[in-house]
Amino acid sequence: MMISKIAVVGAGTMGHGIAEVAALSGFEVALIDISWDFLNKAKERISESLNKLAERKQISDAKAVLDRISFNTSYDIAKDADFAIEAVPEKLELKRTVFRTLDTVMPSHAVLATNTSSIPISDIAEATNRKEKVIGMHFFNPPVIMKLVEVIPSKYTNRETIDLTIDLAKKMNKIPVSLKYEIPGFVSNRIFIRLLQEACREVESGEAKIEEVDSTARNKLKLPMGLFELADYVGLDVVVDIWNVLVVRGTPDVNCLMFKTKVNEKNLGVKTGKGFYTYPAPGKYAKVQLPESSKVDPARLLSLAVNEASWMIENGIVSAKDVDTVMIYGFNFPKGLMEMADEVGLDKILKNLEDIYSKGYQAYKPTELLSKLVSEGKIGKSKGEGFHKY
Ligand code: 3HC
């Protein structure tokens, strides 16, 4: 099937960026939202972003790209689209309503994708009469810059839809990573939340301060942002939503209240101008100031995320290489998480997990794979083998 027109529903942070990416790749785009206020704001943001790209000579004609996007509050503009990407707020009932409407309006050949960060794709698909053509297509913030797209089949999605979505991601100049089957939070957000949980545990247990955790993340691990800074950037409400979905669907929790407290106080991060840090204005991000050095151990900070990734590898959901691709292209890590683990030493990761587990944190129970690698002496780069071979 040829895709020439893409409908994007939801013109917020992710939706407007996805529409822009689609238009940049030459597709005709229909951007739909419930109010003209949201649509006008989206048009302004897309225009600003395209002008930046034009200034940097990455595109020659910003206006031509913008002209490929039509804006409307009516789903009528989606009736000749071949593919839809939904990016409305993370509420299951709302998403199901959107999908029911798309299913009615769009041609029978069209694929309906959701950019959800955590809601089960199968639950959304069940609202339609084309369950086999519904799929997860998860972009990263900001969509114009971040190269990764996670492709998540539901239990109903057929092979043709998966292949078409992978192909579309490539045509949108993205790097797709396809999950074997759907798990809550997918690969990216399971790892992201685990990183935040350990960061949170360290602060709440008095082991470290927020700025120290973030200094290690930025200065030692060379991540583009500190972990609390990244959470602020993504939105603390979004983080708490994903965290809750993981816990409700059976992932062992790490008792830690800082994130929920911030959300209850309506300090949601960059979008409100205040979260763990204060920003110049609501919606305006500026890099936060952090101390140069910090006593926080990088191996400890990575431990829970590495354990989570090793569980996914052990269960055949993705490979170690895929995990690395997710973190490099979805979060701009300078190298993959599994490679980082191999560098700091899997023995050190395991020791930290055992230590924290012994304090009563069930989520830190080391996986069989990690324990096996260490017991076989495959502790990483120094021994020529860990999650990867060197
Ligand atoms: N459009 C066009 N250009 C943009 C842009 C946009 N929307 N946003 C940033 N840029 C450009 C800037 O103009 C700048 O260009 P220049 O180098 O020519 O000046 C360049 O990109 C770099 O941006 P900045 O100088 O403003 O800032 P940084 O160098 O600090 O980079 C960042 C910003 C790319 C956001 C970087 O900090 C980063 O990679 N952070 C991590 C982001 C991340 O992890 N995202 C994933 C979040 S998780 C997620 O989305 C999943 C969800 O389900 C929760």
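How many helices and strands does the protein have? The protein has 16 helices and eight strands, where helices (H or I, at least four residues) and strands (E, at least two) are DSSP runs numbered from the N terminus. Its radius of gyration, taken over C-alpha atoms, is 21 Å, close to the 21 Å that the globule rule (2.2 Å times the number of residues to the power 0.38) gives for 390 residues, so the protein is as compact as a globular protein of that length.

The model is predicted: local features need pLDDT of at least 70, side-chain atom pairs count only at pLDDT 80 or more, and totals for chains, interfaces and linings use all residues. Residues are numbered from 1 along each chain as its sequence is written, and side-chain values use heavy atoms, with hydrogens and water left out.

Start with the whole chain. Its C-alpha atoms fill a box of roughly 60 × 45 × 40 Å along the principal axes. Of the 390 residues, 56% are buried (under 20% relative accessible area, 1.4 Å probe, protein chains only).

Next, select residues 13-24, helix α1. Its 12 residues reach 17 Å from first C-alpha to last, close to the 16 Å expected at 1.5 Å a residue (1.5 Å times one less than the number of residues). Because 10 of the 12 are buried, α1 is largely enclosed by the rest of the structure. Among the buried residues are Met-14, His-16 and Glu-20.

Now show what the buried residues of α1 pack against: β1 (5-9), β2 (28-32), α2 (36-55), α3 (62-67), β3 (69-72) and β4 (83-86). Contact here means heavy atoms within 4.5 Å.

Finally, select Gly-26, which follows α1 and has a positive phi, near 95°.

How values were computed
Buried < 20%, exposed > 50% of the residue type's maximum accessible area, 1.4 Å probe, protein only.
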